[in-house]
Each structure stands twice: as C-alpha cells, then as structure tokens.
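I opened this notebook to record what I looked up in one protein structure. The entries follow the order in which I consulted it.

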Amino acid sequence: MIGSTISLWWGEVCFAYVYMKVIQFLRDWTLIIAILAGIAGYFLFVSIPWLDSLHSAAYDAVKLLQPALIFMMLFITFCNINPHDIRPCKWHAWMLLIQSAFFVVIGLVLIAMPQSGLRVVLEGAMICFICPTATAAAVVTRKLGGHMAHITTYTILINIVASVLIPLMVPFVHPNPDIDMMTASVMILGQVFPLLLFPLILAMLVRKLLPELLKVITSMPNLAFYLWAFSLALAITMTVRSMVHSNVPVSAQLGLVMVSLIACVIQFWLGRKLGMAYHDKITAGQAFGQKNTVFAIWLGYTFFSPVTSMAGGFYSIWHNIYNTWQIYRHEHPSRRNLQNLKNID
C-alpha cells in the first residue's frame, strides 16, 4: 500500500516536472514554433488530396482573417494602455522622422525609376520600413525590462503616421492602371485607416463605457502575444504560398531575403543606438525593430503584389529569431553569466 502510494506520488511529481518543462519550452520558443507551424501547415494542407477543392476558399478565408486578427491585436493592446501613461518623448520624434524618411525616399526612387529591375526588392524595403510597431512589442518589451508607456505611445504614433503616409505614397509607387491616383489613395485610406486607428477609438470607448469588459481584457496581458503567434503562423503560410506560386526569378526572392534582413538589422541597431542617447535602448530598439509583420504581409499582397509580401514574411523570421534569443537570454541569466565568464577566461 505504501509502495503504491509512493509510486503514484512520484509519478505525479515527474508529470508535473515534465509539464512545467514543456510549458517553459513553448514560452521560450513560441515565435520560432509559430514560424515552423506556418511553414509545415502550408505543405501539410496542400499535400492532402481531398482538401484540393478547399484551397481557394482557405486562401480567401485567411485574407479575411488576417485584418481581423490585426484589428483584435491592436484593440487588446490599446485596451491595456492607460491614457495617463501616454508620454511622448524626444526619441519618438526622431524615430518617426527616420522611419518616414526611409519609406518616402525609397518611394521617390521608385517613382523616378519606374522600370527599375530592383522594383520588387525596393517595394519590399518600403514595407519593412513603414510597417508599424508590432502589437506584441509591449509584451516583449516588458519581458526584457523596457519602458511600457514609451513603447505603447510609439505604437499609437507610428500607426497614425503609417495610416497617412501609405495612402499618400503607394498609389504613385505602385499605380493601378484602372484607377486614378486620387481614387486609389482614398481606397487605400479606407482600408488602412480603419484597420490601424479604429481599434484605438474602440478601446477608448470600452475604457469609458464598459469598464467590466475592460477588466476582463486587461486580466489577460499575454493574449495579444499569443494572438500574434497564431497570426504569425498564418502570415508565414501566406508567404510560403507566395513563394511556391511565384513566377518571380529566384534572384528577386533572394533580394527580398537580403533586404528584409538588412532592414531588420538597421532598425534594431538604429533604435538601440538612438534609445541609448535617451537611456531607453531596449524600448527604442523594440519600437523600431519589432514590426507588425502580419500587417506588412497584408499590405504587400493587398496594395503591391503577392511576391512583395514575402519581404514581410522574411522580416518576421529575422525579428522573431532575434526576439526569441533576447527573451531566452533575459530569462536565463545564469547561462548568460556563464557565457560571460567563459569570455573572460
């Protein structure tokens, strides 16, 4: 009797230990798992013959689901923002200027050279630079010990700037021959502006009129992060689909890989350098480097071309790998300290 009780107790302890390890592993590598799930999900879906008739419907469903997820993530993020915590600071102004300048300058180059052989690559760069800060950036910043109020403020500001600049530039950079520039700008504004700013307005109304609902939403601080992981998997699936079905030369696809990597490195580096001058390098680095790549992919295939959207997909891989490394390094300080000792030796 005692032996069976001990065995049962030991089994429960082992199960609890394994369960905790699995949960910790999933938390540490959520973003990488989402990327791999998106890649595997696409190839698994297309490899099942009896699902062939659903391919078109599934594609249309994901195209509808993605903006809905973007809206939900922004809404949840803004619900977690206390209006009293919105504090613009000097590095916000500098970063908004730099981010806008990259987007506008590249756009002007494309307007000046419409037949450029690097058009797809440069359009990909535009997407990578104008893309707003990720909705989950606040979660990652909190995990890394950054300043929550500053990154949430920048998230609001860059969404406003992007909602204005995108409709102004895109119709001239990637014109639609069937629609005049003014009509195209209004159409893009009608899709981008509500997607980026209505969640803020709705969150403010909920805070004012439905405090009980607000309490429920704010009681789940990591919900936006996990929604982002799910939407990331879908976004990667769309990127893989674009690669498989693309007739664009491999050289152009490799160009998108490189330009997304370069844009990622530049933005994280510039953000951290600028933030260092204002004693806020973690927050500024995440605000500038961590992008809402689900929005970038949606922006690419909605207003540019499916192949251009690959830039957002590749960028999501680079910044999520970097963030996974940062989170793992921050949450396992003993391993970091051990590495530092080895470096000293």
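The entries below treat the overall fold, the aromatic pairs and a surface patch.

Entry 1, basis. I worked with a predicted model, in which local features need pLDDT of at least 70, side-chain atom pairs count only at pLDDT 80 or more, and totals for chains, interfaces and linings use all residues. Residues are numbered from 1 along each chain as its sequence is written, and side-chain values use heavy atoms, with hydrogens and water left out.

Of its 345 residues, 45% count as buried, where buried means under 20% relative accessible area, exposed over 50%, and partly exposed in between (1.4 Å probe, protein chains only).

I noted 5 aromatic pairs in the structure. Rings of Phe, Tyr and Trp (its six-membered ring) pair if their centres lie within 6.5 Å; planes under 30 degrees apart are stacked, over 60 edge-to-face, and the rest tilted. One of the pairs, Tyr-42 with Phe-43, is edge-to-face, at 5.3 Å centre to centre and 80° between the planes. Tyr-42 is buried at 8%, whereas Phe-43 is partly exposed at 45% relative accessibility. Phe-102 and Phe-129 are stacked, at 4.2 Å and 10°. Phe-102 lies in α4 and Phe-129 in α5, so this pair ties together parts 27 residues apart in sequence.

Which helix gives the largest share of the nonpolar patch? I found that α8 does, with 7 residues.

Definitions and conventions:
Helix = DSSP H or I, 4+ residues; strand = E, 2+ residues; numbered from the N terminus.
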